[in-house]
Amino acid sequence: MPGEVQAEGLTKDFRTFQRKEGIRGAIENLFVRQYQTVRAVDKVSFRIQPGEMVGYIGPNGAGKSTTVKMLTGILAPTEGTALVNGFVPYRDRTRYTRTIGVVFGQRTQLWWDIAVVESFRLLQRIYEVSDSDYKTQLDTFDQVLEIKRYLNTPVRKLSLGERMRCDLAASLLHNPPLLFLDEPTIGLDVVAKTNVRQFLKEVNRRFGTTMLLTTHDLSDIEELCKRLMIIDHGRVLFDGALAELKRQLWQQMWVRIELREPAQAQALESLSLNNIHRERLDELTYRLVFDREEHTAGEVIRQVVSEVDVRDVFIQEESIEEIVRRIYTGPSVLEFGR
Amino acid sequence: MRRYLSLLVEYFLQYAKVRLAYKGDFLISVFTTLVATGLGVVVVLLLFGRVPRLMDWGFYEILFLYGFGLIPMALFNVVSINLYYFGDRYIVQGNFDRILLRPIHSMFQILFEQFRLESAADAAVGVFVVAYAARHLGLDFGPLDWLVLAFAALCGFVIYVSIFLMLTTVSFWMEDRVGVMPPVYNMMAFGRYPLKIYNVFLQFFLSWIIPFGFATFYPAAHLLRRAEYRLYFPLLPVVALACAGLAVALWNRGVRNYSSTGS
């Protein structure tokens, strides 16, 4: 079905050989090669429905781009299968690639030295888009991206933000039901980022385009994606809604207390609070850090205000960045999430 | 097929727009190409002007051979430029991924993403030299002969491109950058002289291993009405097609390997 992604036990092994150093090593390399197999993606399974916007995140080297390369047909999986838009990507590549759009934030697909519109025209021919469809698409994109004013500028003279808008438009000229985005907001300023996100939302709303995006910027996910997949060491660690991730992995809670006067510090210090970490930020400000499983914020605050004269209370949840950082760095979180 | 032909035109126009954005650069390049090729012809004139016969080949026959050889070579030079950069620009730098994401055969894209249009000027020099030599030889060189010549040049062009495509596919398996292309490129010149001047081994090699002899010498000998090579000429399209088929098959294998290794 168009716009649908099915991955079943998708696995990719790479074989690298150990190069020996020096002249002698170089000669030995010619005859004896020691190979090492590295599993980049390990039995990844998921299903994306038409019209979904899914964030795919993970630290560098986690297997994100290898997965995307298998889904786009660049790489053949070592094991497992992918069925995307009803095609087996690497096998039906030429027919399959007509039904997808791919945007690399780091790399343009436009011709560098010629005006943007010339690249668009050539892409129109490559994807066999009719003149009327081409015009409609361009008008639609222009409403959000305002690209028409750059159309006659050579790509090399565009700023990164302008180039990105043109690249987005280029990848959607043939109105594919599925769009892959590899770090679409990398290097962009705040305004350009907002613009790109707004455009992606609009395209998804209007055409029901399925989108899979990899990113390091979690605000992309918060803005765009209801669903999030986290991959590390080739395995999917989490697949679910962003809210679900928070519910499962949101561990710590911070309460900041502003005292009415320095004298109250004594009262706060002498409170007996079980397993609550007290941190003095300055003479009037304290931070209490505790585990959500053990205490509720309400109970902690009630205990504090009954004994101490408090001016303000601020409750902070752990940010999504903080949660993801914990997932990337600590292996134990895996069990915690399950 | 029709789609690919019209895409070829589109790709070429795209390239032409870039080139014409820098007119001065392009004109100078055409000029230097013409001078270099012209000097090559002058060297042949001087060299063989002093040695009137090479085995049983006369001066104007040598000149004819040389002139004909320029034509398929020029066509080859127009499209081959990307092949030299393939390993580095496409495989190592990863641009081949972008190629695989387009709904066109990857080989087509590699051949026609870049051209070297100024090399086409060499073909004009070649035609001029052939016409000049043919007149001095007193050959009755009519329109049909020119048609045969065009066909033979096209076959030669296919042979050249196919052989270099096969060498390019090495990059799919090995990232070592020490190219085998430059020595083979230099060997192309061997096919421009009567094969008889070489030893038996080299003759065989240039006919059946790397058939540069078929790209230039055999068709030129046929056009010179040399009866002793008449059996070779009909084989020309067969050799060209075989080379092309082998190149495509090898290329597809290379792409498959790329897909499984990602290197």
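The model is predicted. Chain A is assigned two domains, and domain 1 is made of residues 5–11 + 42–246.

**Domains of chain A**
- The centres of domain 1 of chain A and domain 2 of chain A are 46 Å apart, taken over C-alpha atoms.

**Helix α2 of chain A**
- Helix α2 of chain A spans residues 64–71 and is mostly covered.
- Of its 8 residues, 6 are buried.
- These buried residues are A:K64, A:T66, A:T67, A:V68, A:M70 and A:L71.
- A:G73 follows α2(A), and its phi is positive, near 90°.

**α6 and α7 of chain A**
- Helix α6 (residues 160–172) and helix α7 (residues 190–207) of chain A pack at an angle of about 15°. Their axes lie 10 Å apart.
- That angle makes α6(A) roughly parallel to α7(A), because angles under 35 degrees count as such.
- The two helices cross in a right-handed sense.
- From α6(A), the contact draws on A:G161, A:M164, A:R165, A:L168 and A:L172. From α7(A), it draws on A:A192, A:N195, A:V196, A:F199, A:L200 and A:V203.
- This contact of α6(A) with α7(A) holds 8 nonpolar, 2 polar and 1 charged residues.

**α8 and α13 of chain B**
- In chain B, the axes of helix α8 (residues 143–168) and helix α13 (residues 236–261) come within 8 Å. They cross at roughly 25°.
- α8(B) and α13(B) are therefore roughly parallel to each other.
- The crossing of α8(B) with α13(B) is left-handed.
- On the α8(B) side, the contact residues are B:F151, B:A152, B:C155, B:V158, B:I159, B:S162, B:L165, B:M166 and B:T168.
- On the α13(B) side, they include B:L236, B:P237, B:V239, B:C243, B:L246, B:L250 and B:W251.
- By class, the contact of α8(B) with α13(B) has 17 nonpolar and 2 polar residues, with no charged ones.

**α2 and α7 of chain B, and B:D122**
- Helix α2 (residues 23–50) of chain B and α7(B) have axes that come within 9 Å and cross at roughly 35°.
- Their crossing is right-handed.
- B:V30, B:T33, B:L34, B:T37 and B:V41 of α2(B) meet B:A121, B:D122, B:V125 and B:V129 of α7(B).
- The contact of α2(B) with α7(B) divides into 6 nonpolar, 2 polar and 1 charged residues.
- B:D122 sits in helix α7 of chain B, which runs over residues 120–137.
- B:D122 counts as buried because its relative accessible area is 10%, under the 20% cut-off.
- Leaving aside neighbours within four places in sequence, B:D122 is in contact with B:T33, B:T37, B:L70 and B:A74.
- B:G67 is 55 residues from B:D122 in sequence, yet 9.5 Å from B:D122 in space, C-alpha to C-alpha.

**A:S119**
- A:S119 lies in helix α4 (residues 116–126) of chain A.
- A:S119 has 0% relative accessibility, so A:S119 counts as buried.
- Beyond neighbours within four places in sequence, the contacts of A:S119 are A:L110, A:W111, A:I114 and B:Q14.

Terms used:
Residues are numbered from 1 along each chain as its sequence is written. Chains are lettered from A and ligands numbered from 1 in the order in which they are written. This is a predicted model: local features need pLDDT of at least 70, side-chain atom pairs count only at pLDDT 80 or more; totals for chains, interfaces and linings use all residues. Side-chain values use heavy atoms; hydrogens and water are left out. Domain bounds come from an automatic or database domain assignment. Buried means under 20% relative accessible area, exposed over 50%, partly exposed in between (1.4 Å probe, protein chains only). Helices (H or I, at least four residues) and strands (E, at least two) are DSSP runs, numbered from the N terminus. Axes are lines fitted to C-alpha atoms, for helices over the stretch in contact, and angles run from 0 to 180 degrees between N-to-C directions. Angles under 35 degrees count as roughly parallel, over 145 as roughly antiparallel, 65 to 115 as roughly perpendicular and the rest as oblique. A crossing is left-handed if the near helix is turned anticlockwise from the far one by less than a right angle, and right-handed if clockwise. Contact means heavy atoms within 4.5 Å. Ala, Val, Leu, Ile, Met, Phe, Trp, Tyr, Cys and Pro count as nonpolar, Asp, Glu, Lys and Arg as charged, and the others, Gly among them, as polar.
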